[in-house]
Amino acid sequence: MLDLGFVRANLEVVEGKLRARGADPAALLGDFRALDQGRREAITTSERLKARRNELSQRVGALKKAGQDATAVMDETRALKDELDELDKAAASLDEQLRLSMASIPNLTRDEVPGGTSEADNVTVKTWGEKPVLNFAAKPHWEIGEALGILDLERAAKLSGARFAVYMGAGARLERALISFMLDLHTQKHGYTEVLPPFMVNSKSLFGTGQLPKFAEDLFRCSDADAEAVARGEFKDNDHWLIPTAEVPVTNLYRDEILDEARLPICLTAYTPCFRAEAGAAGKDTRGIIRQHQFQKVELVKFTRPEESDAEHEKLTRDAEEILEALKLPYRRVLLCAGDTGFSSAKTFDLEVWLPGQQLYREISSCSNFEGFQARRANIRYRAAAGQGAKAKPEFVHTLNGSGLAVGRTWLAILENYQQADGTVLIPEVLRPYMGGLDRIVAR
């Protein structure tokens, strides 16, 4: 969420940033100036009348003490009370309208983020690795997986419908090996602390990271979840949604808390399944396991000082890249344009892995700096360390996150990049200890 004072003082800048995202400032901001001015005037008038009421109350006491008639002053006090009640209601209504308006406004992208409206306007920052040269026609992962007997989409559809997968034999073990390998690298080399969070969260958590209320249709809700109530700013304690990413529970670990500066940066990693309704994905990626309702992911989340978030963003992105490099999977880093940057992000790098069976790059990780946007929504702050202004007002942390990596997409990238002419698939060397020494997958 943006700071109200910043929007008030920089309204033209905010409107320009929204246009850069391809959004309509008028639709998002409404009559912001009139709402804000009306709210401020109501508060100012209320404070003035409260001061007058206090003055009159003192006069009533003085008159009664002196044995004089205080009726007229008491009548004025009662009239002031009625006027104050109306002002307070008006101020609360305007405040609610402003709050809901602010909750619907996306983060402002950084100045270095390129303009543009779609992925066609994204900018490739770097490319790593050599694309495999195959002396046979490369197959897509769904054909490889089916032929090896390690991927069964037909039976998954019988169980759950479209956009689900069943992994069998070495395919299931490869998924598990990838999760363990990623967690080991991030905890043992990169210094993250592993977290195993709940896979269901309440509405307040999804509001904190920016999924609610705007993206309710992309989520799987449980029977007691109420997206309409969230849109009105009402949160229940016992409503639940399936998590779309570990970013949600891990970021909200510190919701409504003040952290000690000495603890920053806090670096956490978590494996979770992820659940997405993919409401806007009809007809997209219908073959294979690129876009699933349920998939596994290892997530990286950081809480940092504002002045260090740029450097920590680069570190986080490199930590994700090291997984791809260790697996020897060719990839590229892409800086997303304003129109392709997510709702809560100020700047995002996508990592895209090369898939020879499809002859294209596909996103395998998004690494984002949210600056104070999520922290303001979730009320996550830090206080300066002792000797550095410890009594100063707490400030909002900056939050960052990225996939380290999307496990299913890494799985299919291995099948396509390590496929052999005889139909087998080699196991990357770093994964072989996690596969019990197995060096290749052969047909079951």
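Which helices and strands each supply at least two residues of the lining of the second largest pocket? Helix α6 (141-148), strand β2 (151-152) and helix α7 (153-160) do. The legends below start there. This is a predicted model, in which local features need pLDDT of at least 70, side-chain atom pairs count only at pLDDT 80 or more, and totals for chains, interfaces and linings use all residues. Residues are numbered from 1 along each chain as its sequence is written, and side-chain values use heavy atoms, with hydrogens and water left out.

**View 1. The second largest pocket and its lining.** This pocket holds about 330 Å³ of space. Its lining has 18 residues, and W142, D152, L153, E154 and G288 are the closest to its centre. Helix α7 gives the most, with four residues. By class, the lining has six nonpolar, four polar and eight charged residues. A pocket is an open set of points on a 1 Å grid over the protein atoms alone, where a 1.4 Å probe fits, with protein on both sides within 12 Å along at least five of seven lines; lining residues have an atom within 4 Å of a point. Volume is the space filled by probe spheres set on the points, which are joined across faces, edges and corners. Asp, Glu, Lys and Arg count as charged; Ala, Val, Leu, Ile, Met, Phe, Trp, Tyr, Cys and Pro as nonpolar; the others, Gly among them, as polar. Helices (H or I, at least four residues) and strands (E, at least two) are DSSP runs, numbered from the N terminus.

**View 2. T109 in its loop.** T109 is found between α5 (71-103) and β1 (123-128). T109 counts as buried because its relative accessibility is 5%. Buried means under 20% relative accessible area, exposed over 50%, and partly exposed in between (1.4 Å probe, protein chains only). Leaving aside neighbours within four places in sequence, T109 is in contact (heavy atoms within 4.5 Å) with K17, R21, A338, T341, S345 and A346.

**View 3. Strand β15 and its partners.** Strand β15 spans residues 398-406, and nine of its nine residues are buried. Strand β9 (residues 294-304) runs antiparallel to β15, joined by seven bridges. Here L300 stands opposite G402 of β15. Strand β12 (residues 360-371) also pairs with β15 in the antiparallel sense, over four bridges. S368 has N401 of β15 as its bridge partner. Two strands pair if DSSP finds at least two bridges between them.

View 4. Side chains of opposite charge can pair when their charged atoms come close. A salt bridge is a side-chain nitrogen of Lys or Arg within 4 Å of a carboxyl oxygen of Asp or Glu. The count comes to 26 by this rule. E112 is partly exposed at 37%, while R110 is buried at 17%. E325 is buried at 19%, and R318 is partly exposed at 26%. Both E325 and R318 belong to a network of salt bridges that also links K126, E314, E321 and R333.

**View 5. The salt bridge of D422 and R440.** The closest N and O atoms of this pair are 4.0 Å apart. D422 lies in the loop between α14 (407-417) and β16 (425-426), and R440 in strand β17 (residues 440-441), so the pair ties together parts that are 18 residues apart in sequence. D422 is exposed at 55%. R440 is partly exposed at 30%.
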